[in-house]
Amino acid sequence: MKKTIIYYHPRSMPKNVDRGSSVRVRAMYEAFESLDYHVILLAGSLTERLGVMRSIKRRVSEGLLIDFVYIENTNAPICLAEGGVPCNSFRDYVFLAWLRSNNIPIGVFYRDVYWKFDFYSELLPWPLCYLTRPLCYLDWYMYDRFSDVFFLPSLLMNEYLPKPRGSGKVFELPPGFGAGYGKGEVRDAYAGQMLKLLYVGGVSPHVYDLSGMLSTILRIDGVKLTICCREDEWRVDGAEYRLLMEGSDKIDVVHFQGDQLAELYSQNDVFMMAVNYSEYRDFSMPIKFFEAIGYGLPIVSLYQKAIASLINEFKIGWVLESEDELIELLSGMVCDRSEVSERSENVALAQSQFTWKTRAATVPIYLNRNKVNVS
């Protein structure tokens, strides 16, 4: 007989998954279903959520056993998660308390702590950030009070929570990649052929400052970089980069999505995560890092501690500490591709460790481990 779990998300299940946050929400839901759970989806508007909450309470009173609750929170506080008119998030908090009173294990994936950093005020129009910060703190407090386990993109993020959680109460649950990925045969790259580099992700200078990487690429012969980002973001934030790129044909910008990405990855040799230093990015785990693994590309990382630990553990790329090291590495790759081939083979060997299904399968393990630690 299937075990029953609750999957909570304070927005509707996303249909358009062109953003990392929406990819994760749908991917984890589908991964739990693939593990043969009966998944009760508690999502949507407040009205829709309240209807599901009433149904759950009734079914539990009639004898339904809930194995655990998995929560995917959002970048916005619960009361603003739907956009537009704020909703009454206290109804959600009360339901969390009810779950706890019925001894139903709760694990929450806490997405990020943007709101604790100075750049948060630059991402939102004034004075919205001064209104949302207290609401973000309130969400965190309620999650912290009622959940058994916090899942974080990386354990390094624990130190940035308002109150770090102790051993057995917090675990790492980074993103993954989905079925159907896979680059196929490694591109026939050799010395003398153009070294093709790929960056996929955000370009906002507040979080993803690419200026150092672009300046470095422009100084090296034999390399070409493709930047893939959202068109609206490039239109808003690309002015500084366009000045750097002016007069050069070494950098292309595209706005591919969905199935177009597979071909893009197959045409390149190395995935670049060489953005300028940001304290926030020390502990972040961008979904594009795991997408690159899914498509079989080795990764160059600069100034990113959490990502660096995985790259070193599985030997799936290169961890750098300065732009001088980046120049040396790429210049060497132009002349000798042996390391690129070696790291690509390691990526293929490690792929099974990073699927969404693997991620979902660890959730009950961590929740059960928490029970052992508590006792």
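## Val-200 and its surroundings

In this predicted model, Val-200 is in contact with Cys-228, Tyr-265, Phe-271, Lys-288 and Glu-291, leaving aside its neighbours within four places in sequence. Val-200 is found in strand 7, which covers residues 195–200. With a relative accessibility of 5%, Val-200 counts as buried, because the limit for that class is under 20% relative accessible area.

One of these contacts can be described further. Phe-271 is 71 residues apart from Val-200 in sequence, and the C-alpha atoms of the two residues are 8.2 Å apart in space.

## Overall form

The protein contains 15 helices and 12 strands. Its radius of gyration is 22 Å, close to the 21 Å that the globule rule gives for 375 residues, so the protein is as compact as a globular protein of that length. Taken along the principal axes, the box filled by the C-alpha atoms is roughly 70 × 50 × 35 Å.

Of the 375 residues, 54% count as buried. The accessible surface comes to about 17100 Å², and carbon and sulfur atoms account for 52% of that surface. Contacts were also sorted by sequence separation: among those between residues at least 6 apart in sequence, 74% join residues at least 24 apart.

## Charged side chains

The protein has 40 positive and 46 negative side chains. The centres of these two sets lie 10 Å apart. Side chains of opposite charge can pair when their charged atoms come close. A search of the whole structure finds 14 salt bridges, and the sections that follow describe some of them.

## Glu-72 and Arg-24

Glu-72 and Arg-24 meet through their side chains in a salt bridge, with an N to O distance of 2.8 Å. Glu-72 lies in strand 3 (residues 66–72) and Arg-24 in helix 1 (residues 20–34), so the pair ties together parts that are 48 residues apart in sequence. Both Glu-72 and Arg-24 are buried. For Glu-72 the relative accessible area is 0%.

Which residues does Glu-72 touch, not counting residues up to four places away in sequence? They are Tyr-7, Tyr-8, His-9, Pro-10, Arg-24, Val-25, Met-28, Phe-109 and Arg-111.

## A pair within helix 1

Glu-30 and Arg-26 form a salt bridge, their closest N and O atoms being 3.3 Å apart. The two residues are four residues apart in helix 1, so about one helical turn separates them.

## Two loop residues with positive phi

Asn-103 has a phi near 60 degrees, a positive value in a residue other than glycine. Asn-103 is placed in the loop between helix 3 and strand 4 (106–109). The relative accessible area of Asn-103 is 69%, and the residue is exposed.

Lys-315 also has a positive phi, near 55 degrees, and is likewise a residue other than glycine. The loop that holds Lys-315 runs between helix 12 (305–314) and strand 12 (317–320). At 52% relative accessibility, Lys-315 counts as exposed, because that class begins over 50%.

How values were computed:
Residues are numbered from 1 along each chain as its sequence is written. This is a predicted model: local features need pLDDT of at least 70, side-chain atom pairs count only at pLDDT 80 or more; totals for chains, interfaces and linings use all residues. Side-chain values use heavy atoms; hydrogens and water are left out. The radius of gyration is taken over C-alpha atoms; the globule rule is 2.2 Å times the number of residues to the power 0.38. Buried means under 20% relative accessible area, exposed over 50%, partly exposed in between (1.4 Å probe, protein chains only). Contact means heavy atoms within 4.5 Å. Accessible areas come from the Shrake-Rupley method with a 1.4 Å probe; for residues, only the protein chains shown count as cover. Lys and Arg count as positive and Asp and Glu as negative; His and the chain ends are not counted. The place of a charge is taken as NZ of Lys, CZ of Arg, CG of Asp or CD of Glu. A salt bridge is a side-chain nitrogen of Lys or Arg within 4 Å of a carboxyl oxygen of Asp or Glu.
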